[in-house]
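Okay, thanks everyone, I'll keep this short. Have a look at the next slide and then I'll walk you through it.

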Number of protein chains: 2
Amino acid sequence: MAQKPSIPKGTRDFSPIEVAKRSYIMNTIRTQFQHYGFQPIETPSFEKSSTLMGKYGEEGDRLIFKILNSGDYLSKVKDDAFAKANSNALTPQISEKALRYDLTVPFARYVVQHRNDIVLPFKRSQMQLVWRADNPQNNRYREFCQCDADVVGSDSLWQEVEFVQLYDAVFTALKLEGVTIKMNNRKILSGIAEVIGASDKLIDFTVALDKLDKIGKEKVIAEMLSKGISEEAIKTVDPLFTISGSFGDQLATLKGLLATSETGMQGIEELVFINEAIESLGLESATLQLDVTLARGLNYYTGAIFEVAAPEAVKMGSIGGGGRYADLTGIFGLKDVSGVGISFGLDRIYNTIEQLDLFPEEAIEGIKVLFINFGKEEALYAMKAIKQLRSNGITAVLYPDAAKMKKQMTYANRREIPFVILAGGEEMENKTFALKDMVAGEQETVTLDALIERLK
Amino acid sequence: MAQKPSIPKGTRDFSPIEVAKRSYIMNTIRTQFQHYGFQPIETPSFEKSSTLMGKYGEEGDRLIFKILNSGDYLSKVKDDAFAKANSNALTPQISEKALRYDLTVPFARYVVQHRNDIVLPFKRSQMQLVWRADNPQNNRYREFCQCDADVVGSDSLWQEVEFVQLYDAVFTALKLEGVTIKMNNRKILSGIAEVIGASDKLIDFTVALDKLDKIGKEKVIAEMLSKGISEEAIKTVDPLFTISGSFGDQLATLKGLLATSETGMQGIEELVFINEAIESLGLESATLQLDVTLARGLNYYTGAIFEVAAPEAVKMGSIGGGGRYADLTGIFGLKDVSGVGISFGLDRIYNTIEQLDLFPEEAIEGIKVLFINFGKEEALYAMKAIKQLRSNGITAVLYPDAAKMKKQMTYANRREIPFVILAGGEEMENKTFALKDMVAGEQETVTLDALIERLK
């Protein structure tokens, strides 16, 4: 036989069971998106290169998959890019389209392009594939699905409150208890930068501080010093080393620390609002936690910052994140569209649920009942029953050929079909069905109505 | 403002209402696929070029979107392809991956690659995007969704019977009554070719015969003669000009005509089996019809040929099709995997349902109720109710800002939200809600329980 075919690295085939499990997660997210009033949109898999290039930094430009122009694309190449073997110069001449790299830039493009049809505030959800020419590693793929919800055109902090509730609702629906929704605010980080007197050291500072639990105060301070943060600055923020307790307690500590920073105090005020609202509304299964070391999307987020940690039993890293941004659509010339959004990390949520064995039986069930094929007449009798079962929502199939009994039973076993029907001459005469429970090994004779009732 | 951004030609943005309508159709198909025991798989959006190239003919090769290699791709170009401005020679040197062109070749690749994990007969469904660098025309796109179901590893005609039932089940569930499922058999076409003594004229013959209803027998014969089909041959197949009546009647006519063709008679026998089974099982809303002019996939199909016509009131062309093939995986070196499959034309089904105004209200409903925002306290009162509504599956939202009443009501109107809640101090005190029916214009005061009951 020829060489076994394979797929490009960083991509995946999804088997029926994997599709079922992924669909279960995606449908759960989709349902909550819907209940919260997020409207689904879809954008094309590829955009004009001019839409995507330059929007994700140099690294991003490099990782965007470019689509080769169709036809005799070389006939339009004008300069000597090729002669000099200059790939970078040649690319824009032979490629005008590129694969979606995230859902945010296409959403921004969508908002600008359809701005006359959109009513603000616009709550949109989007669950689509994105592609990145990343070096495939553990849990990183070149094709993966992003699940985003954003609301643009409103500065209201009720949006942040809703996103906390939304995370809680989704993970509760997935029975994923013990999730921690971590929040911070860009303004608090700005306040800390002000207080330590070095905004360029902010990341070094938060990265070091984040290790407090693991390596202890002394080593954290040593790391900060080694990164050029002054001893004086470290002294000033000393309260951060002992910050603890509830969301409210931590805010109280921060209030003292950031009293001199107007921006910092504004961040605190925002978090107070969100925390009070959530305390009043309650969460089902998640915990809301303030984490001043949370510093994702620093160049992008202007207010709230979210990150969701999987239950502690699972070492998974973040399974979601997001934040508030001041400017979504400026890159396409439309000013003053601010918003806030969150994202669900499908692959990591999948792995978390898998590890905790929380996929429900009914979400992954395949064929419920197989009818053994004894020949044309019996098969027709079976097909009549199968039609009734299917219209009652029961997945039923006829073994297509009147093969040997053993072969048919082996098929049922290998496919893990829980019930098998044997209906021959006697059953046809009596209008009954011999139902074999493949797990219990028991067999009984039932009418069609009883069969439907039993399998429903 | 900068130039309004746009999307590549032949691609589409889908607005929330369009996504909802497409999801309604796809979910309906998906549910029936599931009831019939088809297992969903998903394959990567791009495959290795070697997997796709050469599988769809020269035209197909040209229309496949190729992905440019990442990094300094020119450094690996070895020959003088560029100097000669030879795009065709250069492409395989700078592109190793290509976008999925259909779902059949990836399915074949999947079956071969995972053959040790697959239990035959394997019933698989797949609903994914495909991309073609076609010249975009009316209803033809460069990105579109294919919805396929195939079963491989069984020659049983019960599969064909099931596909007729499946088409009927899907279109019945979509309330698309009056659909015609047209069937033919490659072997009958071979028989006709034998009888007219010219297999190379088969397409000319069926194309001309297909016009019988429109232009009449004389003109059809003239066309046949002009295509080089002999007068004698036309005389031999004279019964085809008057073939009519039920599926069974037509088969009887064919029996006389193709008596001398072993292959033709085999085709008839197969159709007899399918027709008798369907007559015995019954169809819900579709009609099964024999159409000897149906000649799609001649190079590919070896048995049954399916094509589904939209209800006559809609001029739409075929909304589905498929057939039986002898060899799925030979292109990847695995012999003897035969199968049969059908496809649903999502875009045309969408347009048909749209034209007939058959999208159900509940499938496209957006936000059910908007809570007017009167300020922080009232908003919190609203959010508590909203939480209850959402957990009852009702899409409820708070207007995010305490904006002017008029602005909030305008939002409700523009978003076509059917109900609005006004809850201020008095309602909060009485634990009630003023519910305004935006369609009827009426207003009433209700408790939370009554509200849930009303909106559910």
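Predicted model: local features only at pLDDT ≥ 70, side-chain atom pairs only at ≥ 80, totals over all residues.

What kind of peptide bond joins Leu120(B) and Pro121(B)? It's cis, with omega about -5°. Over in chain A, the bond from Leu120(A) to Pro121(A) is cis too, omega near -5°, and Pro121(A) is in the loop between helix H5 (104-113) and E5 of chain A.

Staying with E5 in chain A for a moment. Lys123(A) and Glu162(A) make a salt bridge through their side chains, 2.8 Å from N to O. That pair ties together distant parts of the chain: Lys123(A) belongs to strand E5 (residues 122-131) and Glu162(A) to helix H6 (residues 158-173), and the two are 39 residues apart. If you run the search over the whole structure, you get 46 salt bridges across all chains.

Asp357(A) has a positive phi, near 60°, and that's in a residue other than glycine. You'll find Asp357(A) in the loop between helix H14 (346-355) and helix H15 (361-364) of chain A.

Now, domains. For chain A, the assignment gives domain 1 as 16-43 + 108-355, and domain 2 as 366-455. How far apart do the C-alpha centres of domain 1 and domain 2 of chain A lie? That comes out at 51 Å.

How many residues does each of chain A and chain B bring to the contact? Chain A gives 107 residues, and chain B gives 107 residues. The area buried between chain A and chain B is about 9,400 Å², and carbon and sulfur atoms account for 60% of that.

On the polar side, there are 46 residue pairs in polar contact between chain A and chain B, counting pairs with both at pLDDT 80 or more. Salt bridges between chain A and chain B number 8. One to look at is Lys376(A) with Glu276(B), where the closest N and O atoms are 3.8 Å apart. Helix H16 (residues 376-391) of chain A gives the most to the side of chain A that touches chain B, namely 7 residues. By class, that side of chain A splits into 54 nonpolar, 29 polar and 24 charged residues.

Last slide, some helix packing. We describe two packed helices by the angle between their axes and the distance between the axes. For helix H8 (residues 202-209) and helix H9 (residues 212-226) of chain B, the axes come within 8 Å and cross at roughly 145°. Who makes the contact? From H8(B) it's Phe205(B), Val207(B), Ala208(B) and Leu209(B), and from H9(B) it's Leu212(B), Val220(B), Glu223(B) and Met224(B).

Conventions
Residues numbered from 1 in each chain as written. Chains lettered and ligands numbered in written order. Heavy atoms only, no water. Contact = heavy atoms within 4.5 Å. Buried area = accessible area lost by both parts, 1.4 Å probe. Salt bridge = Lys/Arg side-chain N within 4 Å of Asp/Glu carboxyl O. Polar contact = N/O pair within 3.5 Å; in protein donor to acceptor, adjacent residues only side chain to side chain. Helix = DSSP H or I, 4+ residues; strand = E, 2+ residues; numbered from the N terminus. Nonpolar A, V, L, I, M, F, W, Y, C, P; charged D, E, K, R; others polar. Axes fitted to C-alpha atoms, helices over the stretch in contact; angles between N-to-C directions. Domains from an automatic or database assignment.
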